[in-house]
Amino acid sequence: MNRRVANNKKILKTFKDYLVPIFFVFIIFIFILKFIFGWENTPVISSEDNSSFWITLSSLQTEAYIEYNGWKKSKIESEVSLYKTEKLQVVSESVKFSDTNSDFHLNKLGELRFNEDNSLTLYSSDLWGNTKKDINIEMRYAKVKALSGSVFSLSQNEVASTIYVVAWSLEVQNLSWSSTLLSKWEKIVIMRNNANDETSDLGLSKESI
């Protein structure tokens with residue numbers, strides 16, 4: 001009887017000796033699984049999803065504003081950020097705005113909106129761009145896709161949308177979906193009166209700079 005009790009105690013002690021490391025291995029295994037599945041479920045923030053542009057005034061004499069939703073305006077006194085749905089308005093001089101992939105300059109009397117989908121809308125004046133990634137820019141009479149590595153100038157007034165390419169290329173489309181590829185040292189002018197012309201061949205409208 002005593003021998004049986006002794007054997008039972010020995011078995012119980014042996015089981016306890018194994019139970020502790022098994023328990024720790026189990027805990028470590030649970031943490032590993034949690035890490036793996038937690039990693040997979042973590043949302044990935046794309047580097048393409050720019051949330052803002054950093055604005056820099058060209059000089060102390062520059063007058064520029066940010067227009068928020070609801071028509072509220074704020075004068076730009078120092079370096080600030082331009083966020084989605086906001087408009088940038090330049091009264092005098094010029095303004096630079098940039099992120100990690102693009103540099104832009106908006107001239108006097110310029111008005112531009114930063115849209116929810118990371119695109120831009122140019123309403124007036126001249127915009128110079130240098131971009132390391134594709135970006136869409138909507139003008140009054142044209143839609144532009146600036147391809148990565150492009151250097152370009154866009155000019156917008158009441159009469160026409162004018163696009164110049166200094167480096168690489170841009171895809172240009174009018175309001176009737178006619179499109180063409182604009183290459184280095186080429187320009188195109190899309191007039192208001194033919195922006196919706198479905199028979200228009202934009203390829204024939206290209207000129208050399």
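This is a predicted model: local features need pLDDT of at least 70, side-chain atom pairs count only at pLDDT 80 or more; totals for chains, interfaces and linings use all residues.
View 1. Where does leucine 109 sit? Look in the loop that joins strand 7 (102-107) to strand 8 (111-114). Check the backbone here too: phi of leucine 109 is near 65 degrees, which is a positive value in a residue that isn't glycine.

**View 2. Tryptophan 185, a partly exposed residue in a loop.** This time we're in the loop between strand 15 (179-183) and strand 16 (186-191), where you'll find tryptophan 185. Its relative accessible area is 45%, so tryptophan 185 is partly exposed.

**View 3. Serine 169, a buried residue in a strand.** Serine 169 belongs to strand 14, which covers residues 169-173. Is serine 169 buried or exposed? With a relative accessibility of 8%, serine 169 is buried, because buried means under 20%. So who does serine 169 touch, if you skip its neighbours within four places in sequence? Its contacts are Ala146, Leu147 and Ser150, plus Leu181, Leu182 and Ser183.

**View 4. Residues 31-48, a stretch with pLDDT below 50.** For the protein, the mean pLDDT is 84, and 76% of the residues get to 70 or more. Over residues 31-48, though, the pLDDT is below 50.

Methods:
Residues are numbered from 1 along each chain as its sequence is written. Side-chain values use heavy atoms; hydrogens and water are left out. Helices (H or I, at least four residues) and strands (E, at least two) are DSSP runs, numbered from the N terminus. Buried means under 20% relative accessible area, exposed over 50%, partly exposed in between (1.4 Å probe, protein chains only). Contact means heavy atoms within 4.5 Å. pLDDT is the predictor's confidence in each residue, from 0 to 100.
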